[in-house]
Amino acid sequence: SVCRCGVVEGVGPMPKQSSFSGLTWILCGFVTLCLCWGVRSLIFTTLPAIAPVPPPRHTVRIVFTGGPAAGKTTVLALARDWFEQQGWTVFTVSEQATSWLASGASFPSKKLGLSDAGVTQMQDAWQYERFYQQVLSETCLLRYAESFGEHSEKPVVVILDRGLMDGSAYVTHSFFNKLLAGVGITRDSILEDRYSAVVHMESCVKYSTDLYDKVFATNPVRMETAVEALALEENTLKAWEGFSKRYVVKNRSDKFQQKIDDVRQVLHTVAAHYQRSRGPQT
């Protein structure tokens, strides 16, 4: 039984409750919060290390890029079919920006209900996360394909819907440098060792703004005006300056078949170069 004086019969006086217990809990909670916040800050300011990609010795890596409404989607399917018909093993890497837009992750703007400060912060976050996802997805596939090609009796090609340098066409030079630094990649490594060839599909806006407007109306994801499309076309060309094996497929007429024929010729050239460098297979 317990007496009102706070003494338990047969046990003796109860220990006096510390007056600092409440403060102790507050301090413990504060320290825990600081530790958790520190870990969170570490996660969001330092991206996990991404394994390096070896040069393409056992694969051919072809990046298809270009301005808006260049016919890239059609040509990507054509390239895959062409290589498969030639007996190649084909891997593909999809464009991350299109996947984000299709999944509802629209590029942040006031229309989404964001404040002025929120628009700026979320646009930066959108670029950071999209770029990181692109690097990670691309790196994993390129590394796997390279290992696969080393043991394959068939030639192996990786077809990429845009490459890492394309991101520089949409942001400032300094911001893109931050993106590269965040994943531990340099411009030189991209332009010199990462890809075998880059095929730039010229936007139809270079040939005719009326033609661009017609194509614009058929693509629900497309959001660039003719003026914006022209600027992106030029920025994308500039982004890949310094890459030695770049092929620019221009609009020599308003007939898309002409571009398809030119792309087939490029594919033949790239494949023949790889086969010569690979030598006879025993």
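**Aromatic pairs and a buried threonine**

Trp-82, Phe-83, Trp-88 and Tyr-274 come together as one aromatic cluster. Keep in mind that this is a predicted model. Across the structure there are twelve aromatic pairs. Take Phe-83 and Trp-88: their ring centres sit 4.9 Å apart with the planes at 65°, and since anything over 60 degrees counts as edge-to-face, that is what this pair is. Phe-83 has 0% relative accessibility, so it counts as buried. Trp-88 is buried too, with a relative accessible area of 5%.

Tyr-144 has a relative accessible area of 48%, which makes it partly exposed, and Phe-148 is partly exposed at 32%.

Next stop is strand E3, residues 60–66, where you'll find Thr-65. Leaving aside residues up to four places away in sequence, Thr-65 touches Lys-72, Arg-162, Asp-166, Val-198, Val-199, His-200, Met-201, Thr-236 and Trp-240.

Follow the chain on from E3 and you get to Gly-71, in the loop between that strand and helix H2 (72–85). Gly-71 counts as partly exposed, because its relative accessibility is 21% and buried means under 20%. Met-201, one of the residues Thr-65 touches, turns up again here: Gly-71 and Met-201 are 130 residues apart in sequence, yet 7.1 Å apart in space, C-alpha to C-alpha.

Technical notes. Residues are numbered from 1 along each chain as its sequence is written. This is a predicted model: local features need pLDDT of at least 70, side-chain atom pairs count only at pLDDT 80 or more; totals for chains, interfaces and linings use all residues. Side-chain values use heavy atoms; hydrogens and water are left out. Helices (H or I, at least four residues) and strands (E, at least two) are DSSP runs, numbered from the N terminus. Contact means heavy atoms within 4.5 Å. Buried means under 20% relative accessible area, exposed over 50%, partly exposed in between (1.4 Å probe, protein chains only). Rings of Phe, Tyr and Trp (its six-membered ring) pair if their centres lie within 6.5 Å; planes under 30 degrees apart count as stacked, over 60 as edge-to-face and the rest as tilted.
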